[in-house]
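Thanks, everyone. Please bring up the sequence and the structure, and keep both in view while I talk.

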Amino acid sequence: MNNTLFGMKKIICLWKLCLLIFLIVSCSDASRITPLRVVTELNIGESQEIELSNGEIIQLELLSIDVVRDSLRNAIREVNVKVSVDDEEITMHSGNYNLPVEMGKVQIDCPIVKEYYANSNSDRWGLSADARFRLWPEESALIQPGTFVYPVKQKWFASMTHSGNEPCFVDWGENLAVKDIYYHSGHDIGGAEGMDEIVSATDGLVVSARKDTLERYDDFPGDIRTDVVYIVDNRGWYYRYSHLDSIYPAIKPGVRVKMGQRIGLMGKQGGSGGWVHLHFDISNKENSTGTWGTEDAYAYVWEAYVRQYDPGLIAVARPHHLLWTGQETTLDGRKSKSLAGDIISYEWIFCDGTNADGPVQKKSYEKSGEYSEILKVTDSEGNVDYDFAVIQVYDRDKPDQTIPVMQPAYHPTLNIKPGDPVTFLVRTFNTAAGHEVWDFGDGSPQVTVKSETVDRRNYTAGRFAETVHAFSEPGHYVVRVERSDEAGLQAIAHLHVVVEE
Ligand SMILES: [Zn+2]
């Protein structure tokens, strides 16, 4: 080896060292965001001292976990978790559209418990103990203001959703023959195909788009597909945006995006099941197993939506229900929240034409099909909001019989003024018979459409049936759409449209 070559090698080594130092410095720069929540996992009977992100210390003990399963698929529908925080006891609920609860010096939630693993079709959480908890200081934001926005330019709950480990049910309905449950740990937001715009929830680096991935990144928490974008934010969290109808050309691996930057349009591409939605999920390895796990997004998208749109009141009638004919279920509107005052009334308006006052109601159905029960909530500031509880009912005597299942959507969902054209879209699964009939709730004549029959093996093909309607007066409209199948079984769905002054 001659001296020149040796010298050059030395220079290259030095240069590599400099590069390494630069990378270390740039990775630990000021843009790095430390989450406001701390995460811990406990077994039943275990107690832990936990330091919150503000330095306060609390004592958390897991006392018991009680799960409620349905009698059709044995899937978990409700989780009651009893804990003590600094010797004060509380029973809270896991997932299923529940927000963190405030207790003493903390806000706490329980995104996952071990019981889900008994019949889950996959490990989406990386949990090793009996339960995982997230803890925030009292009165803390859940996610830093200015670092996270709602990922769709759309009204809250404008269509159907899957969230908080809710068993997947939109499109073909819950399949009673499938015993391994897809508990949806991410947050699905339904909407209008090719119309609702998806934006980046955070600043971040695009690490995958249209199946192209950035070199150095070969470890992803889920599928790499042509309809998927992955963005890594300054927390080191991976955000997945799936089923996009189109992805904007600027979104390429290696590109840095700003919070709120448009990514693409909502669609039903990839493994969507055929309903139009954004699959939004957050993954990280901040858990006891060090493997990919879902960071439950519901609390973050809720808080981001409230910050951006100041809704005053949000009605929540979700998750959906799965029942046998004749079986009773409990409808519960208590997850609704007034941000402006206090809720002063809960009214349920049922498909059978009856009404009931009060947040909690019992209901049963004699005929199988898909029902949508209306929850109307009013608060002390005069705000009104609606949400809908989807109930899928199967005939106890014909468990193999399918029911028609429907996804409605509309666009635009925000800033609608009298006279504005609004596009209403619908698709019905599991039947080729019948038509969809729209009632816009404003006294106008009903409109009949027919969505194309959905092929189960090729559910991304075909478009939703479309019709355009304009409302002449400001107000809240509950729009209804229904369709019957060959057996006369009905699917009924609702949308809430607000027309502004
Ligand atoms: Zn999804």
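Start at E193. Leaving out residues up to four places away in sequence, E193 touches D245, M266, G267, K268, V276, R463 and F464. Contact here means heavy atoms within 4.5 Å.

Before going on, the ground rules. This is a predicted model, where local features need pLDDT of at least 70, side-chain atom pairs count only at pLDDT 80 or more, and totals for chains, interfaces and linings use all residues. Numbering runs from 1 along each chain as its sequence is written, and side-chain values use heavy atoms, with hydrogens and water left out.

Back to E193. It sits in the loop between β12 (187-190) and β13 (197-199). Strands are DSSP runs (E, at least two residues), numbered from the N terminus. Is E193 buried or exposed? Buried, because its relative accessible area is 4%; the cut-offs are under 20% for buried, over 50% for exposed and partly exposed in between, with a 1.4 Å probe and protein chains only. The side chains of E193 and K268 are joined by a polar contact of 3.0 Å. That term is a pair of N or O atoms within 3.5 Å; within protein, one must be able to donate a hydrogen and the other to accept it, and residues adjacent in sequence count only if both atoms are side-chain atoms.

Next, T423. It is in strand β33 (residues 422-429). T423 counts as buried because its relative accessibility is 14%. Beyond its neighbours within four places in sequence, its contacts are M195, A409, Y410, H411, E466, T467 and V468.

Now the domains. The assignment, automatic or from a database, gives domain 1 (38-137), domain 2 (161-306) and domain 3 (310-499). The centres of domain 1 and domain 2 are 24 Å apart, taken over C-alpha atoms. Their contact takes 29 residues from domain 1 and 32 residues from domain 2.

How much area do domain 1 and domain 2 bury between them? About 2,600 Å², 50% of it on carbon and sulfur atoms. Buried area is the accessible area (1.4 Å probe) that two parts lose on being put together, summed over both. On the domain 1 side, R73, Y97 and R124 supply 32% of the area buried against domain 2, more than any other three residues.

Last, the polar side. The rule finds four salt bridges across this interface of domain 1 and domain 2. A salt bridge is a side-chain nitrogen of Lys or Arg within 4 Å of a carboxyl oxygen of Asp or Glu. The interface also has 21 residue pairs in polar contact, both residues at pLDDT 80 or more.

Note on methods. Helix = DSSP H or I, 4+ residues; strand = E, 2+ residues; numbered from the N terminus.
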